[in-house]
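Reader: I have a structure to look at and some questions about how two of its chains meet. Can we take them in turn?

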Amino acid sequence: MTDVAETTATLPNVVYHQIGKPLVRTDAPGKATGKTPYAGDYVMPGMVQAKVLRSPQASARLVRLDVERARALPGVVCVLTARELPDRLAPTDIPGQTGQARLKTDQQILVRERVRYHGEPLALIAAESTDIAEHAMSLIDYELAPLPGVFDPAEAMQPGAPLVQGEDNVVARHVIRKGDIAGGFAAADLVIERTYRTQFIEHAFLEPEVGLAWVDENGVVNIRVSTQVIEHFRFIADAIGVAHNKVRIMGALVGGGFGGKEDITVEVYLALLAKHTGRPVRLEFSREDSFMGHGKRHPFALTYKTGIKRDGTITALDARILSDAGAYVYLSPYVLLYAAVAAPGPYRIDNLNVEAASVATNNMYTSAFRGFGAAQACIAYEQQMDEIADALKLDRLELRRRNYLKTGDPIATGATVPSAIWTERCADLAWQALGERKEPDGPLRYGRGIAAYQQSYGRLTFLHDTSEAWVGVEVDGTVIVRSGVTDIGAGQASALAQIAIEILGVTMDNVVVYNSDSAVTPLAGTTTATRALYMTGNAVRLAAEAVRGRLLARAAQAFQTSAEHIELANNRVSVLDNSARAMPFAELVKMCAADGIQRQELSIFRAPFSDKLDPETGQGQAHPDYTYGAHAIEVAVDTETGEVSIVQSIACHDVGQCINPAAVEGQIEGGAAQGQGYALSEEMIYRDGKLMTPSFSEYLIPTAMDVPKVKSIILESRSGLGPFGAKGIGEPSLTPVAPAIANAVVDAIGVRIYDLPITPEKVVRALQALDGGSETKSGDGGTVNR
Amino acid sequence: MASDRAITLRVNGRSITTAVPAHRTLLEALRDAGFVDVKRGCEKGDCGACAVLIDGVAIDACLTLAWTAEGRTIVTAAGLGKDELHPLQTSFIEKGAIQCGYCTPGLLIAAHSLLAMSPDPSEDEMRFELSGNLCRCTGYSKVFEAVKDAATKMAAREAHHD
Amino acid sequence: MDARFDLEMPESCEEALTLLAQDGAVPLAGGTDLIVDLRARRREPRLLVSLDRVAELRGIAAKNGRIEIGGRTTVTDLVRSPAIATAAPSLVQAGMAFAGQMVRNAATVAGNIASGSPAADLVPPLLSLDADVTLISTRGERTMPLAAFFIDYRKNAGQSDELIRTISWQRPPERAVNAFYKLARRKGDAITVTGVAVTVAIEGGRCTRARIALGAVAPTILRAQQAEAMLEGKALTPALIEAAAHEAAGQSRPIDDIRASAEYRRHMVKVLTRRLVSQAAERLG
């Protein structure tokens, strides 16, 4: 269900032939007919199967590791331990073509001595069959001596805590200071302080990590792998000790990513085994391997103290943010930075103090996940906004209206947003769409919640992000797009096709996209950070426009008019206002070919570049641009059992410009479902670092019975930095959902649950506490009336 | 240890003979035989990605031993359409019900099995019968639209044939 | 799967029983539990006896007010059966909250009972219906109340060579309500946190039969017999229902696990018992 609301264009209205239409995605038919090969579907003659032996303990010393019995098992081809890799370390920094100095986070590939998390790899096995490899695992004899571990980031910061990383376990700190924080609080009539907590979350993509590697006749290590980032080839080359041009990554259509395939997963193991065995090697993670084999979403504790005037004006915000980095650094510093920048949300807060730290523990390591720290911040600021509204007895939307950032306002870092900020319209439309309130029904109480957000699209500008794409026209009038971009299921490749055909005036059946090969397709950067459409879409636009320019010049010559009078659309070339003067597109291309006119272009798109944020104040530019919107939720809470059902889920986002509305809706609907799981049912539970939820029986993502039909209200300000004014929607669609649900639950039952997920048990306990008249606020701190 | 036994499986109208041990699951056997549209997602019946039809009924291939499937008619998602696409496939394509696509073969099979039991399913019935197929991308909304659309198409086709 | 076993696929019950008489033989029905256990090496049988081709073990029959279902009847068979819909609404409700379609198409009633899981969803309904279980082996056949079948956590009265041939029960009286509620952390395809099944019959304003069966709150699924006794012979007033629900909670012996605490589960026994019995009392006027 979609309402595309009336557009208030900030760019002149133009008629598009392909853009903004719900065209069938280029990848859909192959997937619907089972013809699409995923990375796990490739095989090679002579291939061996690999397995990873993992530590069953979270904090231990490896005393003994004896692999001789496994090596002796018939059919075992290779067993690797840290002993065979004396000089090898794996980089874990943010991937891609950044040109920035790498963080000092290189880590052991296999456990040398110290085990830092449950599931850390001890050994790699390659065998003639999966059965043999599994059997060989059981023949590896090892002894682990438990070491004291630390499993809480606040404890890990204390002096004397067991050391997991560095001198003090703190892997990153960020501050943002702006305005007069003391003055701001002094000017406040009311100060509210609360702590909001979030949990470990698993990406739960349906396709576990998998790849196939072989060393070719030139000594190049080729890896066909399910990844969001083919540009890991550089880190993989560094890890195995070869030149960067000796590793080639070929992606495949990816069976879901959400940030979980942003870091290296199977690639280094595959590369090492392929080199050691000299044979093609296939490694497929089991679901349990997958749960143990990639970083989780960070649990955060966010303590928010807000000063407000009686009229609802926010005078100051002091936010203290602590994230659990787990056992290794990975992308924790970046996720933390996103959280710090997003801390005040879509609100104008001129007196701001943010102090954020990420701390290592012996929990599973944490890294990228859709929303990337900004989602956790939203869970804090949007719950706090509701608490402020309640304290002031002010309408929740009205309080927000009085504080929203407006177009042209500076954000937390002092930078201004280059695009339109339509938060207010989005929130109002989503809220209105909820309709009439429902009356209580037996033990059921209905409640509704809203959450607005600010979420960046595009990478941190100090990373100096670029993306390349190639567009060419064949002599029969068909179009080819080549780009390294990985397609992780959102239709990234198809969107590029739609952009190219709009500009070149052909139809979807006349375009093919070749993507995701680090040696052959132009490097496009990562499919992360809601950047693929923005960055690579622009690169395709630039390339297609260059080709179009040459085609138009030739057409103008043929029709003896000027290029501005030529239209390219629907595989036809015509003179504007004179449709009689026209020819097939293919005919024009043939003319160009005959004249030796270049019919291809390789283009690079550069995001805005900046320096790093000022380390003392956090001021400067952080991201190219931001998406704004809101999500409204209606819940039904069974006050006896604590069960929460989502009755209505309504999203309203300004996406700038839909390239493909069906794909936009798909992102929104999927984000709504993930956000629902985040709020209600999902939690990776670690007890003393040990994973207690190793399968989909324990880790509960929403099913078809849990998710309501999602209503999408899509606004188009055409003000974004993406092609045709598009903004990004991949991450934004998820960010406001969980806090909207949390707020709706409070609306229903009158008491807030400060730590996600909101389980039936927590609801019942909160209601019991409320009934008992005891202290109901489980959040630290309290309300201070002044 | 149990030894391999040659079994003949009838899959998507083809007969394949393969020598496998007793513990080989139908999922493993089908994938090894090249039917890689049957997806491995959890290997414990939690996700539905490996669903196939056995004699028209959807089951998880990961929980089925290959030997027990001998003599049965097995259909995978790739075998749903014969000369043309199955209406479910067309509807999934047209309604945008596919994102990463990894759960799609299993969903198509579960939906096929559902429509065999109930040609005009209510929304609750669709939710119930598709709840064993986890999807992390779509939020299911467009999947329901697609199944409903396919049911309509199939009913029209039936009426046309009558 | 790193597991080693033989597999036989008999065509008749008799043949299956002969095979099951061998040492280390285990029946394989739907496989939805057993295959998972084999892969995790929680069980290492020597021989699996597949019941796939034993047609005589599958089916639903009703005669003289008695319902009899074969052990190999699947959960889907139950959910889609008009006979079960009237003779055991709680069983349909349990089936409607049972895993996902593919598992329901394979999983069997006997398998669910024999799994011994405290969270086996078909069992509370069957206990609330006073079901009997008939076991068969080469040594003969025996029938016992299902309630007597469960001994302790994953331990039951069945012998290793026995199959669950049938489960049967008397259709509840006209003026009776039979219902099940499954409380879980998610609506679809989830493991039960607390499951309660009740049968309540009322004649002349008094409760003539009360059955309360509790799932996932003790090492085995159990009947709350003291609570049942409190209700039988009495008019079902809110106060009495409350007291009986409290008693049922007292009879539960739940544990803490990742899904919920023991305290919450015990409280839910009370909430759900009260809710189901109250609804029954209301419906029966």
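Reader: Which residue of chain A does the side chain of B:R31 meet in a salt bridge?

Author: This is a predicted model. A salt bridge needs a side-chain nitrogen of Lys or Arg within 4 Å of a carboxyl oxygen of Asp or Glu. For B:R31 the N to O distance is 2.7 Å, and the partner is A:D41.

Reader: How many salt bridges does the rule find across the interface of chain A and chain B?

Author: The pair of B:R31 and A:D41 is a salt bridge. Across the interface of chain A and chain B, the rule finds a total of 8.

Reader: Which element gives the most residues to the side of chain A that touches chain B?

Author: The elements of chain A that give two or more residues to this side are α1 (28-32), β15 (281-284) and α16 (661-680). The one that gives the most, with 8 residues, is α16(A).

Reader: How many residues of the side of chain A that touches chain B are charged?

Author: In chain A, 55 residues are in contact with 41 residues of chain B. By class, the chain A side has 26 nonpolar and 15 polar residues, and its charged residues number 14.

Reader: What percentage of the area buried between chain A and chain B do carbon and sulfur atoms give?

Author: The area buried between the two chains is about 3,800 Å². On the chain A side, A:L206, A:A704 and A:K709 lose the most area to chain B, together 17% of what that side buries. Of the area buried between chain A and chain B, carbon and sulfur atoms give 56%.

Terms used:
Residues are numbered from 1 along each chain as its sequence is written. Chains are lettered from A and ligands numbered from 1 in the order in which they are written. This is a predicted model: local features need pLDDT of at least 70, side-chain atom pairs count only at pLDDT 80 or more; totals for chains, interfaces and linings use all residues. Side-chain values use heavy atoms; hydrogens and water are left out. Contact means heavy atoms within 4.5 Å. Buried area is the accessible area (1.4 Å probe) that two parts lose on being put together, summed over both. Helices (H or I, at least four residues) and strands (E, at least two) are DSSP runs, numbered from the N terminus. Ala, Val, Leu, Ile, Met, Phe, Trp, Tyr, Cys and Pro count as nonpolar, Asp, Glu, Lys and Arg as charged, and the others, Gly among them, as polar.
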